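Please read these notes with the model open beside you.

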Amino acid sequence: MASKSPPLLLAAGILSAPEYTIRRQMLRATWLSVASSPILFRFVIRMGGLPTLAPLSLSLSREQRVYGDVVGVRSVKWNETRQRGPILSLVAWLRHAARRLPHARFIAKLDDDVYLHSPSVRQLLDVVGTTRGVNVDRVYMGFLTWSGATPRSLSCTRTWCRLPSSSSSSTADC
């Protein structure tokens with residue numbers, strides 16, 4: 001009889017470019033060092049086409065041996081662009097998590113420049129997961145940010161937005 005996987009509240013994939021070893025080390029030395037079950041964290045690193053004996057490949061293999069927290073994504077080129085790489089890595093992580101971690105109640109994506117207080121996240125997910133009327137199969141939590149060009153049709157200042165078709169202003173997170 002196969003043993004059943006222990007309950008897992010959250011499986012979080014931390015997207016990281018192959019060359020960002022120092023970022024991964026900083027996370028391991030800080031908040032990841034105190035993170036505990038039922039939350040699982042994995043670094044999702046694109047590795048497709050990376051020569052096996054290349055120094056970067058050897059470094060990533062060593063990371064996996066030492067820490068055991070790397071999901072190497074071979075379906076995404078290791079040198080994919082900054083625009084496509086993270087999106088393709090996210091898709092690979094979600095597929096991996098659905099296939100390999102079906103016992104996780106929640107699946108998350110993080111960037112490797114985040115600082116997370118995992119006890120607070122656990123408390124929040126415990127509340128969301130037990131709130132009456134909340135369908136946990138359809139929960140999206142997060143903060144959407146962007147940088148770069150802003151559409152000309154939307155003029156924003158720090159806390160107020162005015163849409164050209166509207167005569168009134170309203171507060172918003174612009």
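The points below take up confidence, the sheet and the helices.

1. This is a predicted model: local features need pLDDT of at least 70, side-chain atom pairs count only at pLDDT 80 or more, and totals for chains, interfaces and linings use all residues. Residues are numbered from 1 along each chain as its sequence is written, and side-chain values use heavy atoms, leaving out hydrogens and water.

2. The protein chain has an average pLDDT (the predictor's confidence in each residue, from 0 to 100) of 82, and 78% of the residues score at least 70. Over residues 153-174 pLDDT stays under 50, and the model has 23 contacts beyond four places in sequence for them; contact means heavy atoms within 4.5 Å. Where pLDDT is low, the predicted coordinates should not be read in detail.

3. An open sheet is formed by 4 strands in the order 3-2-1-4, with parallel pairing. Strands (E, at least two residues) and helices (H or I, at least four) are DSSP runs, numbered from the N terminus, and two strands pair if DSSP finds at least two bridges between them. Strand 3 (70-77) and strand 4 (104-111) are the edge strands, each pairing on one side only.

4. Strand 1 (residues 8-16) pairs with strand 2 (residues 39-48) in the parallel sense over 7 bridges. Ala 12 has Phe 41 as its bridge partner in strand 2.

5. Helix 3 (residues 84-100) lies across strand 1, strand 2, strand 3 and strand 4, at about 125 degrees to strand 3. Axes are lines fitted to C-alpha atoms, for helices over the stretch in contact, and angles run from 0 to 180 degrees between N-to-C directions.

6. Helix 1 (residues 21-29) and helix 2 (residues 55-67) have axes that come within 12 Å and cross at roughly 10 degrees. Thr 21, Arg 24, Gln 25 and Arg 28 in helix 1 meet Ser 59, Leu 60, Glu 63 and Tyr 67 in helix 2.
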